[in-house]
Amino acid sequence: MRGGLVASARLLPRPLVRWFLQRRAQLDINENMLGGKKVKIIFVLGGPGSGKGTQCSNIVEHFGFIHLSAGELLRAEINSGSENGTMIDTIIKEGKIVPSEITIKLLQEAIIKGGNDKYIIDGFPRNEENRAVFESVQLQTLVTYFQLLQINISPEFVLFFDCSEEEMERRLLGRNQGRSDDNIETIRKRFKVFVESSLPVIEYYESKGMVKKIDATKPAPEVFEDDGKRMKFTNGIT
Ligand SMILES: Nc1ncnc2c1ncn2[C@@H]1O[C@H](COP(=O)(O)OP(=O)(O)OP(=O)(O)O)[C@@H](O)[C@H]1O
Ligand SMILES: O=c1ccn([C@@H]2O[C@H](COP(=O)(O)O)[C@@H](O)[C@H]2O)c(=O)[nH]1
Ligand SMILES: [Mg+2]
């Protein structure tokens, strides 16, 4: 689409092209804007099996967010038969982290397709590189023929689902959803990757005062009771 846009721009009168470029520069100033609305993003982080997906469903139901699970997007990419599918499949079975550009492209496409202004992103960023690249890469979306928005996306805050490994392991072994990584070997590898690579991301956001810690060891309805209340009190995003 962008190639077509550049080709068409050559046929336009110069003052119009100048106006378009000025307009684009103005729009660049408004960070996090999608279709004129500020895009609000919450990251949901926590160990494997801490209940992120379960509670995100509640958040969607009660607060109208679009839920994007990075893991689900990657699994959909495998099932779509994409050229990266085999590589992603191998990485997931090893409990490792998929290269940032792949996951970020999938998330950006889903954000644009979603057309909403409130997203809850679950299971991402998985490491410091994921975080830095996601926050630095500009999301481009064509709002109208003359409005190409450049969006820098950063989260409003981060929900951290804190749960013991013992409880997470018990949940994952009982999940029974046919996931290739829900076996004891991969689960142990995922715990190690979480501690080594994902906890530093949570610590980074903590140092910026952006983390809301949730006690995720409790039964699911109780977690939502607390989580729900915290959500209502947080940044006015309801
Ligand atoms: N608070 C809870 N108490 C007991 N079981 C729970 C709780 N929350 C979720 N579960 C169950 O634990 C399993 C894992 O939950 P869920 O899929 O939501 O975790 P997750 O954090 O998204 O995991 P992953 O990172 O592997 O995707 C599911 O079978 C779910 O029903
Ligand atoms: O940003 C991401 C998210 C996920 N992965 C890989 O997918 C699996 C499963 O993710 P869940 O969030 O548990 O569904 C994870 O272990 C990683 O291998 C990723 O690489 N990057
Ligand atoms: Mg999940």
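1. A disulfide is taken here as a pair of cysteine sulfur atoms within 2.5 Å. By this rule the count is zero. C56 is in no disulfide, and the nearest cysteine sulfur, that of C163, is 15 Å away. That distance is too far for a bond. Buried means under 20% relative accessible area, exposed over 50%, and partly exposed in between, with a 1.4 Å probe and protein chains only. C56 is buried at a relative accessible area of 0%, and C163 also counts as buried, at 11%.

2. This is a predicted model, in which local features need pLDDT of at least 70, side-chain atom pairs count only at pLDDT 80 or more, and totals for chains, interfaces and linings use all residues. Residues are numbered from 1 along each chain as its sequence is written, and side-chain values use heavy atoms, with hydrogens and water left out.

3. The protein chain has 10 helices and nine strands; these are DSSP runs numbered from the N terminus, helices being H or I of at least four residues and strands E of at least two. Of its 238 residues, 42% count as buried. The chain exposes about 12600 Å², of which carbon and sulfur atoms supply 52%, by the Shrake-Rupley method with a 1.4 Å probe.

4. Contact means heavy atoms within 4.5 Å. Among contacts in the protein chain with a separation of 6 or more, 73% come from residues 24 or more positions apart.

5. R190 lies in helix α9, residues 184–207. R190 is buried, with a relative accessible area of 8%. Leaving aside neighbours within four places in sequence, R190 is in contact with P48, G95, L172, R175, R179, D181 and D182.

Technical notes: Chains are lettered from A and ligands numbered from 1 in the order in which they are written.
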